[in-house]
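Please open the structure in a viewer and keep the selection tool at hand.

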Amino acid sequence: MTKFTKLLEPTRIGSMELRNRIVMPPMNMQLADVVGSVTERKIAFYEERARGGAALIEIGAVCIDDEIGRTAHPQLSIDGYKYTPALSDLVDHVHRHGAKICPQLHHVGYNLPYLEATGGKPPVAPSEIDCPYLPGIRARELSVGEIHAIVEKYVRAAELAHLAGFDAVGIQAAHGFSLVSHFLSPTLNKRTDEYGGDLKRRAKFAVEIVKKIKAKLGHAVPIIFRLSGDEYTKGGTTLEDTKGIAKMLEEAGVDALHISAGNSSSPDAFWATIPPMDVPHGCHVHLAESIKQVVNIPVITVGRINAPEFAESILRESKADLVAMGRALIVDPELPRKVAEGRLREIRKCIGCLQDCDADFGLRVKCAINADVGKEREYAIAPAKNKKRVLVIGGGPAGLEAARVASLRGHKVTLVEKSPKLGGQLLLAGVLPHKKDVRNLIDFFAYQVRKLRVKVELGKEATSNLVERMSPDVVVVATGATPLIPSIPGVSRTQTVTAWDTLRSYGRNITGENVILAGGGGVGCETAELLAMSGKRVTIVEVLQDIAMELPSKRRYFLKQRLGEKGVRIMTSSEVEEVKGKGAVIQDRKAGKRVDLDGTVVLALGATPNNELILRLQGRVRELHAIGDCVCPRRILEAVHEASFVSRQI
């Protein structure tokens, strides 16, 4: 077993002492209220992570200028005394559990998502430039006087943070997502005065902020500066640029550097800001390692670090001094405590799915596999007043979560699954190599139900007669869905198979060389990728104008890239009109013609609820609930959240 001698080792950032080296990085959770104040919901969220053992919690994107610096509503603000009482409450709740906390000071610059955030005022930038999210709107260039005023806004925000009791302050200059990063960027900063030109002048704005905060507050408030080690954008900030910036910031008085990557408004680098499952674990660690070689202050690394063993190896190899585990702590706020107590098998690991943790502006954060996120107090496990015998039918994510929560509440739970394995559609979702973290989730659920002494019966089909014989107090049906078989002429021919069967057999059920994949949603595209990996020539036929439209944009970006590399042909605005002979007839609406294609037809045209048992049990059991895909086929998020909610009502 790994000994976590480095991960659990105390450390310092400036004058701030930390109990271990696990950092919750700044993320805009949008749990504030509409005017930018701390809410009870936000306090509960961060208190849970502090209770779980994180050493430092950084609060993401705290606005320093309500007039022209706000990203969106709801966004936390620190622009004035009116915010400090509630901010102080947040600090107190985090401090109760031994964690340290700092706000990441932020000005949106030209990256404004909508004008409502600034009351209609145009965004600002180092130079006049088109706004990436506001077609037809140009950001205006700041005057030198306005730059000086914004520097003072940062200083004032740091003072207010100190007043509220924060242990440090952070400065957001990563991801092309803040005014500071815009000044650093050669593509955005075209000024010819003292704030533009070579690297030193582009860094002047950032350096002035740091120096003036230090002059005002001294060493009482450490400064953590977040940078993109590389923006991965043509003409953008490179690793060599960042090395130079890092040295200037250290000289100015910065106490630690937090190294991320990417640019949120770049079509080729937006993925790096919150990397999906499609990229390797620790995808930004090499950048932190390079920066660490040129500075003598602590360096924090980040980027799909979801396992403590991996985090420990990063620290042991001196690639960084602290490890930021953002989504890992969203999914499992108790991760640090579980590491310290040796409960590694109990850690619920992030799967990198980006289902609503990468939420759009104006939406609160959610986690696909932790329904408690943002509802920590209302979802605290409460023992059931009346302990019941609960029968859960179905061992997919909905059924497993229902069994887990019901058992935690004290009910006696039996789970019946007709297949020989737990996991349901998670077994299919985890087939491709880059989705191995999905398989980890199955292991987590399986361990949880064993630990909680849920009686699991595999290979048994729950008929209505079986349910009546078992006579449970409560029945929770989570029987999932089955592939939709459309009424296309010829679809019953022997060469027609389903994507689910193809994934289940790892493509071994396809004998021919050519494949026609009917349906270009996420399941269809992943099936196409699997088949292309085995050497098949695959054509995806999709009725919509693009493929995998239900997937988060960052995952779709990589999916399309991989399909292109593997030579998968994609026909959009097209559909299978008929299956005949050794192939199919395709209606190509873009070309306005019918096309004959040879190959085995694989169906990925959706799913239909497997709800027969629900209908048979109605009126025959004392308490009946239906959850997950047997209600309506959806994402893992809806399945888990529905199960979690229902199990709290039993």
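The stops below cover pairs of helices, cysteines, loop residues and a helix residue.

The model is predicted, so that local features need pLDDT of at least 70 and side-chain atom pairs count only at pLDDT 80 or more, whereas totals for chains, interfaces and linings use all residues. Residues are numbered from 1 along each chain as its sequence is written, and side-chain values use heavy atoms, with hydrogens and water left out.

**Stop one: helices α6 and α7**

Select residues 204-217, which form helix α6, together with residues 239-252, which form helix α7. Helices (H or I, at least four residues) and strands (E, at least two) are DSSP runs, numbered from the N terminus. The two axes come within 9 Å and cross at roughly 20°. Helix α6 is therefore roughly parallel to α7. Axes are lines fitted to C-alpha atoms, for helices over the stretch in contact, and angles run from 0 to 180 degrees between N-to-C directions. Angles under 35 degrees count as roughly parallel, over 145 as roughly antiparallel, 65 to 115 as roughly perpendicular and the rest as oblique.

The crossing of α6 and α7 is right-handed; a crossing is right-handed if the near helix is turned clockwise from the far one by less than a right angle, and left-handed if anticlockwise. Now display the side chains of Ala 206, Val 207, Val 210, Lys 211 and Lys 214 on α6, and of Met 248, Leu 249 and Ala 252 on α7, which make the contact (heavy atoms within 4.5 Å). By class, this contact has 6 nonpolar, no polar and 2 charged residues. Here Ala, Val, Leu, Ile, Met, Phe, Trp, Tyr, Cys and Pro count as nonpolar, Asp, Glu, Lys and Arg as charged, and the others, Gly among them, as polar.

**Stop two: helices α2 and α3**

Next, select helix α2 (residues 84-95) and helix α3 (residues 144-164), whose axes lie 8 Å apart at an angle of about 55°. This pair is therefore oblique, and its crossing is right-handed. Thr 84, Leu 87, Ser 88 and Val 91 of α2 meet Leu 160, Leu 163 and Ala 164 of α3. The contact of α2 with α3 comprises 5 nonpolar, 2 polar and no charged residues.

**Stop three: the cysteines**

How many disulfides does the count come to? The count is 0, where a disulfide is a pair of cysteine sulfur atoms within 2.5 Å. Cys 283 is buried at 14% relative accessible area, and Cys 350 is buried at 10%. Buried means under 20% relative accessible area, exposed over 50%, and partly exposed in between (1.4 Å probe, protein chains only).

**Stop four: two loop residues**

Select Ser 318, in the loop between α9 (308-316) and β13 (322-324). Although not a glycine, Ser 318 has a positive phi of about 55°, and its relative accessible area of 45% makes it partly exposed. Then select Ala 548, in the loop between β21 (537-541) and α18 (553-565). Ala 548 has a positive phi of about 50°, although it is not a glycine. Is Ala 548 buried or exposed? Ala 548 is buried, with a relative accessible area of 1%.

**Stop five: Phe 645**

Finally, select Phe 645 in helix α20 (residues 636-649). Phe 645 is partly exposed, at 44% relative accessible area.
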